[in-house]
Amino acid sequence: MDKKFRFSNTHTDFQARDAKVVFGWRYSPRIIFKAAKGTKLIDMDNNEYYDLTSGMMCMVLGHSHPELTEVMREMAGTFLHQSSWYSNPWAVEFAERLGENTPGDLKVVNFAVTGSEANEIAMRMALAATGKYDIVSMIRGLHGGSLAVEALTSVGGNRRKNLGPLMFPAKANALLPPYCYRCPVNNTYPGCDIACLKSSEEMLEFVTSQNIAGIMAETIPVPGGMIVPPKEWLPRLAALAKRWGALLILDECQLAPARTGKMWAMEHYGVTPDIVTWGKGLSAGLAVCGTITTPQIAEQVRGDAGLLWAGTYSSDPLAAAVALKQLDIVLRDKLDERAEQLGAIAEAELLALKSKYSCIGDVRGKGLYRMLDIVKDPGSKIPDPIMAERIRYNCALEGVIGISVKHYFRFAPPLIVTEAEIKDIVGRLDIAIKRAMDGFPRDVDVRESSSLSIGDRPIAAE
Ligand SMILES: Cc1ncc(COP(=O)(O)O)c(C=O)c1O
């Protein structure tokens, strides 16, 4: 049952020009979008598609939200950029509002422009606060692509291929993931008593110099497989960090605000870290990211390890004003509650697909962030990245733009999505999975689809 994309000459021409001059990840076919509104993207031929990943998980309020557009218009004519050596009211208020809505004594913001930079700032803070050196991270964690955080990232694919000694301190990926679906220590929850963490502590002794400044982890590791930890894991990780005299750094770039059903995912576990890093969803799609720490740690690290930290675009007025407005809307409209309620509906719909299709091994996630684990068969749980890519391709044919990374297919619509839209999206996903399981399209090429793509070769159908 073949179905084809049909692109106009203008669209095809842009696709060819993009391939020639832009060195960027691209799924096949290279759909070129010209606009976006609400939950939808619009391509050069005016075809509409649901945006199932909220851009790069940034567009919490969907695209072209009227209240944000208004702020952008106003700020464009008022104040766009300034020297990072001065401040502006929007940055101050945004930092205040973040602090007011973050657990514990996390009140002081260091702005950055990417999640990677935020995590590097957190690394500097850990070194400065403890006087130690090792930063320990988790296998299957992702913390960004600049080289220091790439060393803490371990999600496979081609990301670290041939980077060699630039990957310092790579050997510090010492924590085993609490990945119950494919348990790294071949045990079963809850009888395991979180054996993965016990083994991880042993690893710390074996592979670090036992001089641990910080332990960095995503609260729910997303790119590594939407690993929702059992409830005991994070409190025990916090206790482990304390035992080793290390700061606990939680990376919530993928998770905050509200997406998992709480403002911060850490609130599901009752754990407050020493530093939390944020980006994507809190950025509203602009270059505003950062760290939040306690006043005490901020004072302690001032003047050390290059801190405080600011680059060219840190806390720019337009970006700060838009992010502030977005956060106020998230709070005003209680989007955490909405994500929880609609997330339960999405989960039920996706579980119904799981019972229908043997290629869905597991459905994991929280709130409006879910992931399908695509497998050869549920018994073996052998990952099937080819099938995941086929599903993504067929979704695009059905008017749903999603991402499949390795064998994980993400479900992360803007938090303004409605129940009817969720059902419509899942209906289209159903058609896409059926066609994928029928073997369409035959040949799949994911070489340029993301930093996590596997291997150098096109993956042909077996
Ligand atoms: C959990 C996590 N942390 C950090 C980053 C890096 O963010 P950025 O791409 O803005 O540098 C990412 C990016 O995907 C991420 O998923």
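Predicted model: local features only at pLDDT ≥ 70, side-chain atom pairs only at ≥ 80, totals over all residues.
Me: What lies between β1 and β2 in the hairpin?

Reply: Two residues lie between β1 and β2 in the hairpin, and Gly 38, in the turn, has a positive phi of about 60°.

Me: Why are β1 and β13 called edge strands?

Reply: The open sheet has four strands in the order β1-β2-β3-β13, with mixed pairing. The strands β1 and β13 (400-401) each pair on one side only, and this is what makes them the edges.

Me: How do you know which residues belong around the ligand, and which of them come nearest?

Reply: A residue is counted if its C-beta atom, placed from the backbone, lies within 6 Å of the molecule. There are 14 residues around the ligand, and Thr 114, Gly 115, Ser 116, Gly 144 and Cys 253 come nearest. Helix α5 (residues 115-130) gives the most to this shell, with three residues.

Me: What makes up the shell around the ligand by class?

Reply: The shell has four nonpolar, eight polar and two charged residues.

Me: How is the protein chain divided, and how far apart do the C-alpha centres of the domains lie?

Reply: The chain is divided into domain 1 (9-64 + 334-437) and domain 2 (69-332), and their C-alpha centres lie 25 Å apart. The contact takes 26 residues from domain 1 and 25 residues from domain 2, where contact requires C-beta atoms within 7 Å.

Me: Which elements supply the side of domain 1 that touches domain 2?

Reply: At least two residues each come from α2 (54-57), α12 (335-356), β11 (360-366) and β12 (369-374), and α12 provides the largest share, five residues. By class, this side of domain 1 has 14 nonpolar, five polar and seven charged residues.

Notes. Residues numbered from 1 in each chain as written. Pairing = 2+ DSSP bridges. Nonpolar A, V, L, I, M, F, W, Y, C, P; charged D, E, K, R; others polar. Domains from an automatic or database assignment. Contact = placed C-beta atoms within 7 Å.
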